[in-house]
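Welcome, and please take a moment to look over the sequence and the model. A short briefing on both chains follows.

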Amino acid sequence: MTTTTAPEARPAERRTAPAAPTPVRRRRRRRGDALGRTGPSKYLAHAGVWLYVLLLAAPLYYLVISAFKRNTDIFNQPFSPFTPLTFDNFGLAFSQASLGTAMLNSVYVTLGAELVTLLLAIPASYALARSKGAVGRMVERVFALGFLIPGFAALVPTVLLSISLGLFHTREFLILFLPASALPLTVILLTQAMRAVPAELEESALLDGAGPLRVLWSVYVPLSVPTLTVVAILNFLSFWNEYFFSLVIIGPDAALRTAQVALPTLSIANAAQYGVLAAGIIITLVPAYLVYTVFADKMESAVLAGALKG
Amino acid sequence: MRKTLSTAGAGAGAGAIAMVLALGACASGGDAAGDENVIVVQTNWTSSQAQNKPLFDAFEAFTEETGIEVKVLESGDNLNQVYETSLLAGEEADVLLVGLLEKQLDWAVNGAVVPVNDYIEEWGIADRIPADALVDWTDTEGNLRAFPYSGFTWPWWYNTELLAQAGVEGVPQTTDELIAAAGKLRAAGIAPVVFGGIDWSGQKIFLQLLEAYLSEDEAKQVYAEGGVCENPKAMQGIELLIELRDAGVFVDGIEGYTADQAQAAYLDGQAAIAPLGSWAYPGASEELAAATELGGLPLPDDAAYEQPIAYRGSTSAGWWISPNGEQKIDQVRQLIEHMYGNEVIKGILDEGGVIPVADFGGDTSGVSAPLLAQSLTEFPERVEFPVMPDIYVPADVSNPMYRATSIAFTPGTDAQTICATVDEIYAAAQ
């Protein structure tokens, strides 16, 4: 006969027993306790964080305020906003460095390289994510080895390659070359994201008669959009700011040069125009900030909308 | 959902590709290499500098006269690197307008440019170039590297108003007077001598002090080979530097100043004395220009020079001909002859403030900038000109010497440490 009273739970079971109701309230209470326990030290932490923020903001402030100043004021009162300020530097930067054409060239190279990178990285990551064998692991490691090659070390062979391909002094070579430097990180991040896609979704698609490309396009890509957004933004910033290969391979021709190559012509050794240069830098930063803020928000909104529809 | 994704994806992909192609088309440039009717000029005389306007006007006038288009590649400070890479591809510019320093020193020897010994004679330009400029532009193998075009003066600027304000009568003419002036300026709260102690401008002043006791030939040898510690006269120059430094002649923290900071300090009236090159003339306000007397570095009585010394040179810019340029030498000849025309040279001097190397008849009546006028008239009589180090200091030594310069101007550094630092740089470059 069984006893009518339940035996008391053993201590170990008590520890692993499900939590009592109202977890939210309990969590809130804990957080408050934690803040309470930190006491005055939290003010120290806040001060430290704000100091760090100031340290990060100082160069940006210096850049922005310098864009409105004359050379002598930049040197004599570098951080002061109480010097004569002018907008002329922006107009001078735009006209003297032909920044309009240069920025169009930068957009062309950046978007072209971005497109090539994604076109190569998405199928590669898909294959690596699905691969279970030793060959897949080895190929993934080969991609990881790409991190070990410093870009500068590849300069001479890259220049020779562009010459032998007849693509020296062209932007198209950069569109083909830049993805090579971006592929390791892109492939590794995308592979990890695609590995997180539940196998059941792929099985359902296969049962519906989808082929590998359909599975990639309709299952893996939509579910990897957050990571795709991250790599797209990282690559955009990297391609947009690329200087050395653009300088050496595309060259100084005003019709072809990118914004990063055009900017240094605003300030040379014994005739520096730092105000104009700072204004030029701000002009070329605008697209990068636009992509980082507007484009990222839109992509994430699209992901959420797609998830709700699915 | 599948259809929607597929359509949207295809649309986005096609749109992106179309956008990229459209951008490529709308910002593409033509290929001027090999075009007989186009001369490609690569230069660091950028259109962003107002003083270069006469040069670009001269190119336009040349095109109008001859029908030959001049395509300008503006390269800034990285010109030599970009040119050498394009040379590798056989796509280098036809002509370069750039100075003689660092990598350019070996261009003719390395075959990066064509020696112009014959062309300068055939085209009748040699007669208009001073003999010492031709020597400066000729390398150790006898190659005339380029057509010397523009030079510079590098005087010491003295703000006579600030000097008077501190109770200093007249511009110092000896080391003792300079030390006394610095003391009075400091007492009046005015910074004395300022220059870029950490960069190229300080390096030149360091070398100017180094050669205070050296003859021209001795200076050339020291610049080319080093051996400062073993040279008693060079060591005297370093001792002079230490004397001035320790007497407070240079502004506090001079070892960390850049040329730009130094120039700003003088132009803003914070410092009373600064060695600044002729490229700084356009930056001086009217009042400052009126108060400024151009002079040199005052020296002790036992120095190698009787008057204060200052640099000048003919190596600011020259016209270089590349292997590609030699392929269309007739068009290049027309351009060079046009650029040496009296009208063009006068325009570059009068409007641009650029000092030409070629003889232009000595007519400076059109020079309106007061400091430029002073540098062409009174200044040469006030000073002596020692050897300009740029063309003798090896390219591999020049940049590393900036660090040695900064060390030399740092208080507490002794003469032995300074000379040893310089000699180590020469040894490392061999």
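The points below take chain B and then chain A.

This is a predicted model, in which local features need pLDDT of at least 70, side-chain atom pairs count only at pLDDT 80 or more, and totals for chains, interfaces and linings use all residues. Residues are numbered from 1 along each chain as its sequence is written, while chains are lettered from A and ligands numbered from 1 in the order in which they are written.

**Chain B overall**

- Chain B holds 21 helices and 10 strands, where helices (H or I, at least four residues) and strands (E, at least two) are DSSP runs numbered from the N terminus.
- The C-alpha trace of chain B spans about 85 × 70 × 50 Å along its principal axes.
- Taking contacts in chain B between residues at least 6 apart in sequence, 77% join residues at least 24 apart; a contact means C-beta atoms, placed from the backbone, within 7 Å.

**The two domains of chain B**

- The domain assignment gives domain 1 (38–152 + 315–362) and domain 2 (156–309 + 372–429) of chain B, with bounds from an automatic or database domain assignment.
- The centres of domain 1 and domain 2 of chain B, taken over C-alpha atoms, are 30 Å apart.
- In chain B, domain 1 brings 12 residues to the contact and domain 2 brings 10 residues.

**The sheet in chain B**

- Six strands form an open sheet with mixed pairing, in the order β2-β1-β3-β9-β4-β10 (chain B); strands pair if DSSP finds at least two bridges between them.
- Because β2 (69–74) and β10 (355–356) of chain B each have a single partner strand, they stand at the edges, with one side of each left without a neighbour in the sheet.
- Strands β1 (residues 38–43) and β3 (residues 95–98) of chain B pair in the parallel sense over three bridges, and B:Gln42 stands opposite B:Leu96 in β3(B).

**Chain A**

- An unreviewed UniProt entry annotates "transmembrane region" over several stretches of chain A, including residues 49–68 and 141–167; such annotations may be inferred rather than shown by experiment.
- Residues 49–68 of chain A are 90% helix and 0% strand, with end C-alpha atoms 29 Å apart.
- Residues 141–167 of chain A are 56% helix and 0% strand, with end C-alpha atoms 31 Å apart.
- A:Leu56 lies in helix α3 (residues 41–66) of chain A and counts as exposed because it has 9 C-beta neighbours inside 10 Å.

Technical notes. Buried ≥ 20, exposed ≤ 12 C-beta atoms within 10 Å, placed from the backbone. Contact = placed C-beta atoms within 7 Å.
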